[in-house]
Amino acid sequence: MRVRLGRLELENPVLVASGTFGYVREMAGFVPLARLGGVIPKTVTAKPRAGNPTPRTVETASGLLNAIGLDNDGIEHFRAHHLPYLRSVGTKVIANIAGEDEDQFVRMAADLGEEPGLAAVELNLSCPNVSHGLDLGVDPAAVGRVVSRCRQECPHPIIAKLTPNVTSVATVAKAAHEAGADAVSLINTVVGLVVDWRRRRPILANDIGGLSGPAIKPIALRMVWQVHRAVPGLPIIGIGGICSSDDAMEFLVAGASAIQVGTATFADPTLAGRMVDELPAKLAEAGVSDVNAFIGTLRSNKD
């Protein structure tokens with residue numbers, strides 16, 4: 001079950017997605033944290049953020065639309081109060097950061113580079129609910145600059161979390177790869193809108209939000225497969241609508257070396273832990289004993 005994402009090695013490919021697992025402490029009663037491949041606490045910004053006004057989440061027919069706005073305590077509070085606990089959970093800890101501009105990303109990456117006990121830093125280059133975040137993430141050149149500069153300033157492995165809201169995700173992924181990213185996370189939420197036609201208003205106070213959950217799984221799978229084929233050698237973490245170990249296997253065969261369980265945790269907080277137990281049997285069903293022999297083996301019907 002052991003997988004490698006550039007310089008980052010995980011005991012198994014099951015991670016939990018930033019923004020759906022709090023600061024991890026909240027989930028300790030539901031998930032055997034030490035059994036997971038790693039944990040990713042909620043996104044941290046340079047300064048504390050209250051987030052967007054409410055309502056900022058709404059259920060859809062097959063998912064969740066959110067415009068949380070990166071509500072968090074800020075990087076200094078994270079370092080002083082959350083990191084000491086995170087170092088004790090018994091598995092890899094991947095910090096997720098978001099900057100308002102390139103320089104802020106670099107400063108935060110440098111700060112976290114001074115912290116022991118972190119396995120990697122995931123750059124949230126793709127949040128659709130914060131000013132500047134999405135603008136930066138759709139520009140391959142900007143993504144490349146941020147990744148390159150963060151890698152220079154931070155000794156930890158660097159993961160670029162990319163937006164699906166682009167014409168060619170492979171182009172952005174290639175820029176991240178060439179800039180030195182150890183891996184990319186695919187995908188973040190898809191921009192969407194839910195309306196109350198009686199009030200003639202969007203339901204979210206922010207109007208638009210990010211769609212996650214089962215509705216986006218086909219989009220995420222398509223993008224993982226495209227990037228795997230277009231950018232050989234770039235490790236991928238698959239995200240988007242993963243609600244079962246079968247879903248995880250779909251992402252692995254499409255080219256992801258690891259997966260993140262996100263929105264499904266809200267409905268079933270125990271899911272990620274069970275998935276670790278279930279995957280070996282799924283791999284045996286596929287006729288392999290090593291997950292690496294299964295990753296990226298999806299064949300096109302046109303080949």
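I began with Glu 250, which is partly exposed at a relative accessible area of 32%. For my own use: buried means under 20% relative accessible area, exposed over 50%, and partly exposed in between, with a 1.4 Å probe and protein chains only. The model is predicted, so local features need pLDDT of at least 70, side-chain atom pairs count only at pLDDT 80 or more, and totals for chains, interfaces and linings use all residues. Residues are numbered from 1 along each chain as its sequence is written, and side-chain values use heavy atoms, leaving out hydrogens and water.

Which residue forms a salt bridge with Glu 250? I found Lys 217, with the closest N and O atoms 2.9 Å apart. A salt bridge here is a side-chain nitrogen of Lys or Arg within 4 Å of a carboxyl oxygen of Asp or Glu. This pair links distant parts of the chain, with Glu 250 in helix α7 and Lys 217 in helix α6, 33 residues apart. Helices (H or I, at least four residues) and strands (E, at least two) are DSSP runs, numbered from the N terminus.

Lys 217 also forms a salt bridge with Asp 247, where the closest N and O atoms are 2.7 Å apart. That pair too joins distant parts of the chain: Lys 217 is in α6 (residues 217–230) and Asp 247 in α7 (residues 245–254), 30 residues apart. Is Lys 217 buried or exposed? Lys 217 counts as buried, because its relative accessibility is 16%. Asp 247 is buried as well.

**Entry: other salt bridges**

I searched the whole structure and got 20 salt bridges. One that I looked up joins Arg 274 and Asp 268, with the closest N and O atoms 2.8 Å apart. Arg 274 is partly exposed at 35%, and Asp 268 counts as partly exposed at 22%. I also noted a network of salt bridges that links Glu 76, Arg 79, Arg 87, Asp 111, Glu 114 and Glu 115.

**Entry: helix α2**

I checked the length of α2 (residues 102–113). Its 12 residues should span 16 Å at 1.5 Å a residue, and its end C-alpha atoms are 16 Å apart, so the two agree. The expected span is 1.5 Å times one less than the number of residues. At the start of α2, a side-chain oxygen of Asp 101 comes to within 3.2 Å of the backbone nitrogen of Asp 103. Which residues of α2 are buried? My list reads Glu 102, Gln 104, Phe 105, Val 106, Met 108, Ala 109, Leu 112 and Gly 113.

His 82 sits in helix α1 (residues 75–86) and counts as buried at 12%. Its side chain makes a polar contact with the side chain of Asp 73 at 3.1 Å. A polar contact is a pair of N or O atoms within 3.5 Å; within protein, one must be able to donate a hydrogen and the other to accept it, and residues adjacent in sequence count only if both atoms are side-chain atoms.

Leu 283 belongs to helix α9 (residues 271–285) and is buried at 4%. Leaving aside residues up to four places away in sequence, Leu 283 touches Met 1, Met 249, Val 288, Val 291 and Phe 294. Contact means heavy atoms within 4.5 Å.

Most residues other than glycine have a negative phi, and most peptide bonds are trans. I therefore looked up the exceptions. Thr 54 and Pro 55 are joined by a cis peptide bond, with omega about 0°. Pro 55 lies in the loop between β4 (38–39) and β5 (57–60). The bond from Leu 186 to Ile 187 is cis too, with omega near 10°, and Ile 187 is in the loop between β10 (183–186) and β11 (190–193).

Val 24 is not a glycine, yet has a positive phi of about 85°. Val 24 is in the loop between β3 (14–16) and β4, and counts as buried at 0%. Arg 200, also not a glycine, has a positive phi of about 60°. I placed Arg 200 in the loop between β12 and β13, where it is exposed at 78%.
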